[in-house]
Amino acid sequence: MKSYRKELWFNTTSRRAFINITPEVKACLAESGIQEGLALVNAMHITASVFINDDESGLHHDMDVWLDRLAPEKPYNQYWHNTCEDNADAHLKRSIMGREVVVAVTEGHLDFGPWEQIFYGEFDGKRRKRVLVKIIGE
Ligand code: ZN
């Protein structure tokens with residue numbers, strides 16, 4: 001069995017952002033040489049997510065509005081966590097959107113359903129953060 005590991009780094013200019021990282025994950029898969037197996041992609045921070053959905057800007061806007069309605073960023077003092085930080089909303093948003101995705105690798109390709117793309121969801125950005133890509137198989 002082969003095993004491949006790589007960290008992808010991000011530093012968004014805004015506090016919240018959705019970034020399509022499918023090209024980077026495909027590049028990892030090509031570099032790994034793995035034809036059959038599984039690809040795990042996970043955020044390495046508890047205020048960011050990796051998720052799969054459609055690459056459609058209207059949907060991304062809707063998701064951002066929906067998440068901020070569920071866990072509003074402000075006022076900061078509404079959260080107990082924010083006595084020493086200001087990112088309680090980011091922890092909550094990440095909890096909803098999840099930590100990781102696992103994608104089947106078939107014949108050297110990410111075995112997606114229709115329109116599936118992998119996204120990095122940043123909820124407390126403007127600093128360097130990373131995503132782990134781990135691919136195992138043959
Ligand atoms: Zn925090």
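Modeller: Ground rules for the predicted model: local features need pLDDT of at least 70, side-chain atom pairs count only at pLDDT 80 or more, and totals for chains, interfaces and linings use all residues. Residues are numbered from 1 along each chain as its sequence is written, and side-chain values use heavy atoms, leaving out hydrogens and water.

Biologist: What is the strand order in the open sheet of 5 strands?

Modeller: Strands are DSSP runs of E, at least two residues, numbered from the N terminus. Two of them pair if DSSP finds at least two bridges between them. Pairing here is antiparallel, and the order is 1-8-3-5-6.

Biologist: Which are the edge strands there?

Modeller: An edge strand pairs on one side only. Strand 5 (residues 100-106) is joined to strand 6 by 2 bridges, with Thr 106 opposite His 109. The edges are strand 1 (2-10) and strand 6 (109-110).

Biologist: And the sheet of 3 strands, what order does that one have?

Modeller: It's open and antiparallel too. Strand 4 and strand 7 (residues 117-122) pair over 6 bridges, and Phe 51 stands opposite Phe 119 in strand 7. The order is 2-7-4.

Biologist: Is Leu 38 exposed, partly exposed or buried?

Modeller: Leu 38 sits in strand 3. Buried means under 20% relative accessible area, exposed over 50%, and partly exposed in between (1.4 Å probe, protein chains only). Since its relative accessibility is 43%, Leu 38 counts as partly exposed.

Terms used:
Helices (H or I, at least four residues) and strands (E, at least two) are DSSP runs, numbered from the N terminus.
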